[in-house]
Amino acid sequence: MKQKIHLLKKRLSVIINDSNRKGVWQIIKEAIIFGIKKKEYPYFYFGKFLYRKSKHNYLDYLSSSEVDKITLSKKLHHFQYASLLRNKLAFSLFMEKNSLSTPSLFGYNFKSSFFYNSTILNINSLEQLKFFFERVFKESNTNKIFVKSITEMGGNGCFLLTYENLINELAICGSYILENDCVHQEVIDQHEKINEIYKYSVNTIRFDTYIDKHDQIHILSAFMRFGRGGNVVDNGSSGGFYVSVDLKEGKLKGKSHQLMKYGGEQLISHPDTNVVFDGFEIPFFKEASDLIKKAVLHIPDRIIGWDIAISPNGPVIIEGNDNNSFITPDIAYGGYLRHPLFKEIMSEA
């Protein structure tokens, strides 16, 4: 309860101190209209910053019930595809099987049972875990391994292990690894142009795809996420931020966006490097778009949120999500209900 109260106070503080907010009476009027039209408490009116002066089309943004209608639709989503997308081990093996560019899988563990090089090892202590990863480092000729939970979402359960600092890193995350199911993957070398913005995390592009009623594949929108302050995870749910992408130009556009619980600030440049976002050209963007459409052919769930990294050699698929919240793409697009395909999507849902 205390945590919820603290979060509410923080969000109220963001709204009150926002110099770009509309007048109080206009906010109240619009929030009431939003609530009546959407038939729910106008939580998203505030959570999506629709109280800001630049948001004239506030009714074009999805409500929570509209989001649920899409994400829970059995016509848009099917269990056999969702099971591949949600299980990161199954997803990795499936991508590799179909020669779709994805981080190499070194191994995985189901709690204390570790699977590596066609052997099963029983590991029960941090000391044994250290020896195990030292072996993987040596035999894989790498000095970095990315460990992530097989089922967690939103950047939770993700850890970067390095050869140089392995003991200290396992002191933080070793117990979690031993108590959960995880995949152990290669760390993608990020394209030098993307490193200019932020080099400590793999900064991924989120593409939303849709298969229409005529079986045509569409990319609905895209935005790019960035870590900050040394954080190795780029996810907005972990305090990072995201910038909209112009699909035709393959360039970042406008200011950044951030979830309200992390401050909701908008930036014109990255706070760590001062690189300006607007107009920044993303390397291999066309190739990334083509790779996404190819991936949809292999996992034809009708709406998927894909995370793509850009390596020096081209795009790499990190993961796909059938249950993405649509909060961030709705904000990044500027109101998904004004998208020319969304009337059909809502009808199909």
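**Entry: a lysine–glutamate pair**

I started with glutamate 196 and found its side chain in a salt bridge with lysine 193, at 3.5 Å from N to O. I kept in mind that this is a predicted model. How exposed are the two partners? Glutamate 196 comes out partly exposed, at 41% relative accessibility. Lysine 193 is partly exposed too, at 34%.

**Entry: salt bridges across the structure**

Next I wanted the total: how many salt bridges does a search of the whole structure find? It finds 15. I noted that some residues are linked in a network of these bridges, namely Lys75, Arg302 and Glu348.

**Entry: a pair in α7**

I then looked up glutamate 139, which forms a salt bridge with arginine 135; their closest N and O atoms are 3.1 Å apart. Both sit in helix α7, residues 126-140, and being four residues apart there puts about one helical turn between them. I checked the exposure of each. Glutamate 139 is partly exposed, with a relative accessible area of 44%. For arginine 135 the relative accessible area is 33%, so I put this residue down as partly exposed as well.

**Entry: a pair in α10**

Lysine 286 and aspartate 290 were my next stop, and their side chains meet in a salt bridge at 3.0 Å, N to O. These two are four residues apart in helix α10, which means about one helical turn separates them. Lysine 286 is exposed, with a relative accessible area of 58%; the cut-off for exposed is over 50%. Aspartate 290 stays below that cut-off and counts as partly exposed, at 40%.

**Entry: the span of α10**

While there, I checked the helix itself. Helix α10 runs over residues 285-298, and at 1.5 Å a residue its 14 residues should span 20 Å. The C-alpha atoms at its ends are 20 Å apart, so the expectation and the model agree.

Which residues of α10 are buried? I listed Phe285, Ala288, Ser289, Leu291, Ile292, Ala295 and Val296. Looking down the axis of α10, I see these buried residues fall within an arc of 160°, so they line one face of the helix. On the other side of α10, I found Lys286 and Leu297 exposed. That is the lysine from the salt bridge with aspartate 290.

What do the buried residues of α10 pack against? I traced them to strands β7 (205-211), β8 (217-226), β9 (241-246), β11 (303-311) and β12 (314-321).

Key: Residues numbered from 1 in each chain as written. Predicted model: local features only at pLDDT ≥ 70, side-chain atom pairs only at ≥ 80, totals over all residues. Heavy atoms only, no water. Expected span 1.5 Å × (residues − 1). Buried < 20%, exposed > 50% of the residue type's maximum accessible area, 1.4 Å probe, protein only. Arc of directions from axis to C-beta. Contact = heavy atoms within 4.5 Å. Salt bridge = Lys/Arg side-chain N within 4 Å of Asp/Glu carboxyl O.
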